[in-house]
Amino acid sequence: MPQTVFNRYEKKYLMPEDVYLELRSRLLPYMQEDQYGLHTICNIYYDTPEYDLIRRSIEKPVYKEKLRLRSYGIPTLDSPVFLEIKKKYQKVVNKRRIQLPLWQAYDYVEHGIRPDTDNQILREIDFFLKRYPLQRGVYLAYDRIALFEKENPDFRVTFDHNIRFRQMNMGLEQGDQGQLLLPQTYYLMESKVMGATPLWFTQILSDLSIYPVSFSKYGNIYKSKHANFDPDGMLVHRNENWDTHRRKKVC
């Protein structure tokens, strides 16, 4: 059973398509696409019936955690998928995951039928499942392009587009259709690094007036259902920053 552990700092940036295209051009000398190219990532986020996990996350505590089931592309019930615990403590993201056939992952999380194996990550998931009464909270998919630095492959940047979700028929095997969270002309970028962010990357972001944002995909889906998320207002504010930057460049 493959195991994967990640520890890193992650920052998110939201941008319209023209800024995305200009940024991609500026990154060409430094970064290249990974072997997967444009691909679709599909997720089920588990939560309590009262959505305690995402509500706590929105409050921005020092420590937060979530459990999700992830596939790359649309799986069948026999396809391997990743069951992940994702934790964040003092801005450091820790992701620990195991690989299971989709049917077995469902049985484990939703029916308590434990896989016939044992390891540290599985024991952590055991504890998580005992601590929270979980059910499927949301299905979330997006199309991603991932880049890595040519000189340091540990520095990665991802671009997510067509972020979509649904809260009915939430099986990973049931297709990747859903309601758009953001307009199709917007991209969500994440930088992922354990050490210091490269200076050249910071300079490019400054030149293009691209700044970090607090943006949780699942969190904003929850907010959108409770009248607390205004994507149009947020995007207008961001556009004002970029328009000011462009006028300065023209002058």
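This is a predicted model: local features need pLDDT of at least 70, side-chain atom pairs count only at pLDDT 80 or more; totals for chains, interfaces and linings use all residues.
Local features require pLDDT of at least 70 and side-chain atom pairs count only at pLDDT 80 or more, whereas totals for chains, interfaces and linings use all residues. Residues are numbered from 1 along each chain as its sequence is written, and side-chain values use heavy atoms, with hydrogens and water left out.

**View 1. Burial of strand 8 (residues 156–166).** Strands are DSSP runs of E with at least two residues, and helices are runs of H or I with at least four, each numbered from the N terminus. Strand 8 is largely enclosed by the rest of the structure, because ten of its eleven residues are buried (under 20% relative accessible area, with exposed over 50% and partly exposed in between; 1.4 Å probe, protein chains only).

**View 2. Strand 7 (residues 135–149) beside strand 8.** Nine bridges pair these strands in the antiparallel sense; pairing requires at least two DSSP bridges between two strands. Asp143 lies opposite His161 of strand 8.

**View 3. Strands 9 and 10 beside strand 8.** Strand 10 (residues 186–193) runs antiparallel to strand 8, with five bridges joining them; here Val157 has Ser191 of strand 10 as its bridge partner. Strand 9 (residues 179–180) is also antiparallel to strand 8, over two bridges, and its Leu180 stands opposite Arg164.

**View 4. Val62 in its loop.** Val62 is located between helix 2 (52–58) and strand 4 (63–72). Its relative accessibility is 53%, so Val62 counts as exposed.
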